[in-house]
Amino acid sequence: MQKNLRWRILITVAVAVVFGLVGVYPIVASSYNLPMADWLLEKQLKLGLDLKGGVHLVLQVQTDTALRSETEAQAERLREALRTAGTNVGGVTVLSSTQFRVDGVPPEQDAAFLQAAADADANFDRSSRTNGAYTFTMKPNVQNSMKAEAIVQARQTIERRVNELGVAEPSIAQQGNGEQILVQLPGVTDVDRAKGIISSTGLLKLTLVEQGPFPSREAALQAFNNAVPPDLEILPGRQDAGAGGGLGSTVFYAVKKAAAVSGRDLRSAQQSLDQYNRPAVSFTLKQDAALRFGNFTQTNIGRPMAIVLDDRVMSVATIQGRITDNGQITGINREEMIDTVITLKSGALPAKMDYIQEQTIGPSLGADAIRAGVTASVVGLFLVVAFMLFYYKLSGVNAVVALILNLVILLGLMAYIGAVMTLPGIAGFVLTMGIGVDSNVLIFERIKEELEQGRPVKTALNAGFGRVFLTLLDTHISAAIAALFLMQFGTGPIRGFAYTLIIGLASNLFTSTFVSRTLFELVLGQQPQVKTLSI
Amino acid sequence: MHIFHNTTFDFLRWRWHAIILSWVVIIAGVAVGFTKGVPLGLEFAGGTAVIAQFDKTPTIESVRQALDRNFPNGGENVIVQSYGEPSQREVMIRVPQVGTQGGTSLSATRSAVEAAIRAANLGNFTVVGTEIVSPTVGRDLSQKGLSAFVLSLLGILAYIAFRFEFSFAVGAVIATVHDIFVTFAFLAFFQYDLTLNVIAALLTVTGYSTNDTIVIFDRVRENLRAMRTKSLNEVVNLSLNQTLGRTVITAGTALLSSIALFLFGGEVLRGFAFTMIVGIVTGTYSSVFVAAAIVTFWNRKNRRFAAATAPPSDAATGQGGRKQKRAKAS
């Protein structure tokens with residue numbers, strides 16, 4: 001037994017030292033400026049947004065828009081293929097985000113049509129011919145994979161943009177049914193700017209201006225007798241005030257829908273100045289796009305071309321000659337310049353995104369929450385410790401040691417796995433404390449009972465720990481089951497609570513049985529004959 | 001030291017009174033819930049909340065008037081209350097609207113609220129916190145909350161049925177459902193907002209209540225093995241008495257922590273702490289009076305748990321007639 005006991009003491013001390021070093025020491029060291037290794041500092045328990053202050057955003061990815069743009073692109077490709085093949089059809093119409101229809105396919109050209117449609121067949125189910133029309137529906141598995149891809153791409157794009165923003169320790173994660181993206185930006189106070197950068201589609205298009213500028217949308221519509229041709233669209237823009245300085249009023253342009261160059265063709269973007277020394281964004285194109293753009297500008301010399309960003313005409317210039325691989329966005333202010341570079345560099349978002357939740361916590365609010373949470377924990381701990389010492393006397397010391405070691409392990413493990421301390425997490429601490437006390441109470445009450453039945457101290461201890469271990473196992477496992485479901489359901493803060501609880505349950509099982517028993521045996525082992533137990 | 005020493009309370013005698021009391025509380029809770037409604041927190045209801053810190057504390061009434069006057073479609077759904085410590089001079093304003101969903105316009109309402117207060121000349125203020133939740137989020141959450149709760153109950157049911165008896169599992173789950181209903185009733189009585197934190201507390205109460213029940217059932221299981229001559233009712237009563245000290249001490253210390261949380265935990269944790277306090281009390285009560293009682297009801301006709309050899313002693317339960325029948329059957 002003695003050799004066994006030595007091992008148990010060794011394990012207990014080792015656990016206390018390791019977890020104390022990882023969990024407690026960095027906190028103490030950073031408040032008192034004690035020396036500390038960098039890798040330890042990195043592992044320090046991090047505070048959640050509710051304690052540190054910052055911005056919490058939830059975006060809903062409109063995956064439908066990603067499907068729609070794929071369907072539109074496919075319809076456009078088919079239209080193009082039919083034109084090159086010389087097949088005349090009545091028309092290609094996009095019906096919904098996943099469907100388009102080709103009307104009026106002449107019977108004699110059916111075979112040629114089907115050949116041209118072979119490309120579409122890879123991703124779309126083609127209906128059988130009805131009245132000379134075919135309906136194409138995106139295959140369900142393609143829909144699913146495109147949706148999933150759009151969400152992942154959106155998340156990665158947001159990550160890049162947030163990194164460009166220079167936020168320390170941001171957190172970006174998919175949540176809910178997977179179509180939601182949670183963005184947490186600690187320390188950020190300018191919500192509106194952050195929101196603008198994160199969700200701007202960042203879609204750059206270079207396209208021809210058909211007519212304009214018009215002073216209003218109505219005027220633009222009237223120019224086409226309220227029937228805008230399908231290959232054109234009316235977009236707002238700002239009139240370039242020229243050398244005069246300032247930025248002009250809003251005007252409207254009718255531009256070609258099909259872009260000569262799009263955001264995908266972009267190689268790089270950087271801040272620059274225009275000819276009047278005003279902020280501008282210069283961009284260069286990829287090689288194959290440069291070739292295309294060269295041909296496009298060559299054939300359209302003398303016509304006005306628009307640079308469109310996120311469905312807004314940024315600038316319009318007349319094509320003077322062949323342009324190959326670079327261009328400039330002008331008519332923006334300084335902040336717009338910085339933000340535009342960020343969005344262009346990070347790439348376009350594959351789908352539209354809507355904000356569905358937004359929370360800002362000012363730093364003072366967070367500090368208040370920390371103070372309140374810590375006060376409550378300390379008061380709670382003090383009350384419980386006082387009670388245990390009062391009620392269980394010397395054995396109470398044992399319980400208090402187990403309780404505190406439990407909290408040390410909890411802090412250490414949370415720091416180690418990189419969990420974040422939130423307000424509900426503090427609540428989880430308080431609850432863990434409660435469960436820890438319960439375990440000790442169960443054991444001590446049992447020992448008391450055994451002692452009352454006249455058993456010697458050591459037998460009573462063994463019986464107490466032995467019997468109660470099974471009870472503890474049952475109670476802890478069922479609590480863990482509840483916590484696991486909480487984790488499934490939980491959004492950020494609640495998940496933090498569940499994490500804390502599960503870790504606390506595990507460490508409590510260790511401290512209240514293994515450690516507590518070791519302490520009893522360590523103290524009682526010194527005495528050859530134990531007659532009484534202070535409990 | 002002992003709080004309870006060798007007690008011989010006849011808990012099962014009180015089971016009918018307990019069941020009536022529980023029903024009264026639950027029905028009253030449902031009644032209040034239907035008439036006054038259970039106020040939903042922002043996460044579930046959707047809306048905009050703004051926490052503003054003023055240079056000079058304005059009266060709640062003046063802020064409300066400012067909103068009524070300047071905020072479109074304000075009225076009774078606008079909540080204005082002081083927030084946190086009075087020394088912080090903070091006021092929380094909550095309106096049910098959010099900006100239209102789509103793009104970044106969600107926060108339009110926040111600007112409208114700010115403008116309304118600014119227009120009323122209540123002195124300088126800074127917005128220290130905002131929360132905007134679109135209604136779709138709430139619908140999502142309530143659905144998930146309910147499924148998480150049902151799943152966790154099924155998980156617990158399965159675990160206890162595996163480790164104990166099916167009847168024990170039924171007792172534990174009914175006791176837990178009972179606790180949730182009672183806690184809801186108290187949330188309705190005191191009109192606490194149903195927030196995510198409160199839901200977390202409710203799920204914690206679920207775990208706590210089962211924990212309590214399992215400890216008692218564990219003792220019943222142990223005693224049933226050791227005392228084959230006693231009837232189930234006697235064994236249950238004995239077990240309840242044996243674990244009474246532990247039950248009260250654990251509930252007491254858990255209550256101490258929760259009360260500390262309630263008093264010092266700040267605004268955000270108050271609803272959580274209130275729910276915990278109610279949950280601990282009802283969880284302890286239900287383990288003793290509901291869970292154990294259901295096990296005895298369930299096994300009324302079960303021969304396995306009936307006293308095999310000894311003549312029934314009615315002193316402990318006062319339910320002589322019923323037990324006589326069982327003795328005959330065995």
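Let's start with two strands of chain A. Strand β2 (residues 54-62) and strand β8 (residues 180-186) pair in the antiparallel sense, over seven bridges. Strands here are DSSP runs of E, at least two residues, and helices are runs of H or I, at least four residues, numbered from the N terminus. Two strands pair if DSSP finds at least two bridges between them. Take Leu57(A): its bridge partner in β8(A) is Val183(A).

A word on the model. It is predicted, so local features need pLDDT of at least 70 and side-chain atom pairs pLDDT 80 or more, while totals for chains, interfaces and linings use all residues. Residues are numbered from 1 along each chain as its sequence is written, with chains lettered from A and ligands numbered from 1 in the order in which they are written.

Now the whole sheet. It is open, with eight strands in the order β7(A)-β8(A)-β2(A)-β18(A)-β4(B)-β1(B)-β3(B)-β2(B). The pairing is antiparallel. Which strands are at the edges? They are β7 (171-175) of chain A and β2 (79-83) of chain B, each pairing on one side only.

Next, two helices. The axes of α12 (residues 363-416) of chain A and α9 (residues 244-264) of chain B come within 8 Å and cross at roughly 155 degrees. Axes are lines fitted to C-alpha atoms, for helices over the stretch in contact, and angles run from 0 to 180 degrees between N-to-C directions. That makes α12(A) roughly antiparallel to α9(B); the term covers angles over 145 degrees.

Terms used: Angles under 35 degrees count as roughly parallel, over 145 as roughly antiparallel, 65 to 115 as roughly perpendicular and the rest as oblique.
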